[in-house]
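Subject: Structure handover

Hello,

Here is the structure I said I would pass on. Please look through it first; my notes on what was found follow below.

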Amino acid sequence: MDLAEIGEFGLIKRVKRLFARNKEPIVVGIGDDAAAIRFSGGRLLLLTSDLLIEGIHFSLSYSSFFQIGRKALTANISDIAAMGGVPLFTLVSLAIPEGYRVEDIEELYRGMADLSRTIGVSTIGGDTSASKKGFFISLSLIGEVEEDLILKRSGARVGDTIFLTGTMGDSAAGLELLRGGIKTKTRDKKVGYLIRRHLKPNPRLKEGRFIATNQLATSMIDISDGLAIDLSHICEESKVGAEIFEERIPLSDEIKRARVRLKKDPLFYALGGGEDYELLFTVDKKRTEEVMNLCKKGGLTVSYIGNIIPPKNGMSIIGANGKKRKLKATGYEHFRKT
Ligand code: ADP
Ligand code: MG
């Protein structure tokens with residue numbers, strides 16, 4: 001069978017089936033933002049790993065080594081944030097093609113340090129190899145979370161409300177502008193923000209931890225592949241459906257103002273664009289008001305975007321005119337051709 005038929009997520013599902021159900025000390029295995037292993041004192045060890053490949057995840061023509069390093073760590077921290085946890089240690093593995101400079105690799109680590117210093121994460125090891133073609137970086141992150149606070153993809157219940165931190169689509173819009181040849185250091189304030197959101201995203205660690213420690217959510221995931229596809233992961237793991245309101249999807253003023261320069265409507269980037277590294281979480285309906293107030297007090301920008309519905313209805317989006325349409329799980333998926 002061609003990988004293109006089942007895509008990245010179909011492949012992961014098959015791999016998952018090859019392993020028996022999780023048993024002690026594995027609390028969460030394949031299928032969430034991070035794996036969780038029970039260790040002492042009612043805490044769980046969180047483990048996540050991300051692979052970045054030149055030409056697929058980044059292009060050296062518009063990303064600096066500093067930015068690549070920083071973003072690799074962001075992707076991992078975002079996964080730990082999505083479990084409600086705290087990141088602790090990283091392992092960094094590199095495959096470096098011929099002709100690279102020592103200074104390039106040092107810049108990569110400076111990019112990681114830029115983030116890890118403020119967050120308190122230490123690099124404790126990794127592996128280094130030559131590469132025949134292309135630059136690879138694999139980053140693993142170890143974190144921890146209290147067992148009674150962990151937030152999984154599988155906790156959403158019918159009737160829950162759906163929330164998002166921040167705004168959607170900025171990173172994908174920034175990437176499109178970069179691909180269109182816009183300069184990375186553009187002084188154009190309108191689009192500079194979008195480009196920065198793509199090249200230097202910030203993981204929502206403080207937000208994830210706030211949501212977990214205050215026990216505000218029933219489930220959580222980070223938006224790394226796109227709102228629609230990441231919401232579909234919540235639906236699948238929780239065995240529920242979802243409806244979201246088009247007009248409630250949070251968009252930055254910058255993406256709205258860049259509308260004319262972008263090929264597509266901001267909604268297209270908001271639903272299908274990856275790498276925003278915002279958090280999507282579900283809330284018990286009865287607690288919706290309370291959670292909104294607590295988030296506000298805690299300095300979190302969150303938006304209510306829709307509701308969890310029975311699984312038979314799948315995912316839908318309700319337009320400004322009140323018309324409902326199917327929401328396809330669009331977003332970034334490796335191997336998929338369709
Ligand atoms: P995220 O985008 O949050 O990093 P992914 O979609 O990459 O999540 O992964 C979903 C789940 O599948 C995770 O539990 C991850 O550890 C697991 N996974 C991904 N690739 C593999 C693989 N090659 N072998 C085993 N598990 C994998
Ligand atoms: Mg994730």
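I start with the second largest pocket, whose lining has eight nonpolar, four polar and eight charged residues. In this count Ala, Val, Leu, Ile, Met, Phe, Trp, Tyr, Cys and Pro are nonpolar, Asp, Glu, Lys and Arg are charged, and the others, Gly among them, are polar. The second largest pocket is lined by 20 residues, and Lys16, Asn22, Gly29, Ile30 and Glu237 lie nearest its centre. Its volume is about 590 Å³. S1, strand S2 (35–38) and H7 each supply at least two residues of this lining, and S1 gives the most, with three residues.

A pocket is found on a 1 Å grid over the protein atoms alone, as an open set of points where a 1.4 Å probe fits, with protein on both sides within 12 Å along at least five of seven lines; lining residues have an atom within 4 Å of a point. Grid points are joined across faces, edges and corners, and the volume is the space filled by probe spheres set on the points. Helices (H or I, at least four residues) and strands (E, at least two) are DSSP runs numbered from the N terminus.

The model is predicted: local features need pLDDT of at least 70, side-chain atom pairs count only at pLDDT 80 or more, and totals for chains, interfaces and linings use all residues. Residues are numbered from 1 along each chain as its sequence is written, chains are lettered from A and ligands numbered from 1 in the order in which they are written, and side-chain values use heavy atoms, with hydrogens and water left out.

The six-stranded sheet

S1 also belongs to an open sheet of six strands, in the order S1-S2-S3-S6-S4-S5 and with mixed pairing. Two strands count as paired if DSSP finds at least two bridges between them. S1 and strand S5 (122–131) are the edge strands, each with a single partner, so one side of each has no neighbour in the sheet. From one strand to the next the twist averages 20°; axes are lines fitted to C-alpha atoms, for helices over the stretch in contact, and angles run from 0 to 180 degrees between N-to-C directions.

S1 and S2 pair in the antiparallel sense over two bridges, and valine 28 has alanine 36 in S2 as its bridge partner. Helix H3 (residues 102–119) lies across S4 and S6, at about 175° to S4. Serine 116 is in helix H3 and counts as buried at 11% relative accessibility. Buried means under 20% relative accessible area, exposed over 50%, and partly exposed in between (1.4 Å probe, protein chains only). Leaving aside neighbours within four places in sequence, serine 116 is in contact (heavy atoms within 4.5 Å) with Leu73 and Val121.

The seven-stranded sheet

A further open sheet has seven strands in the order S8-S10-S7-S11-S9-S12-S13, again with mixed pairing. Its edges are strand S8 (219–222) and strand S13 (324–326); each has a single partner strand, so one side of each is left without a neighbour in the sheet. Here the twist averages 25° from one strand to the next. Strand S9 (residues 241–245) pairs with strand S11 (residues 302–309) in the antiparallel sense over four bridges, and glutamate 243 has asparagine 307 in S11 as its bridge partner.

Helices across the sheets

Helix H2 (residues 65–82) lies across S8 and strand S10 (279–283), running at about 175° to S8. H2 also lies across strand S3 (43–53), strand S4 (86–97) and strand S6 (136–146), at about 30° to S6. Helix H7 (residues 227–238) lies across S7, S8, S9, S10, S11 and S12, at about 145° to S8. The buried residues of H5 pack against H2, helix H4 (170–179) and helix H8 (253–257).

Backbone details

The peptide bond from glutamate 24 to proline 25 is cis, with omega near 5°; proline 25 is in the loop between helix H1 (3–18) and strand S1 (26–28). Glutamine 215, a residue other than glycine, has a positive phi near 50°, and at 45% relative accessibility it counts as partly exposed. Tyrosine 277 has a positive phi of about 55° although it is not a glycine, and it counts as buried at 5% relative accessibility.

Regards
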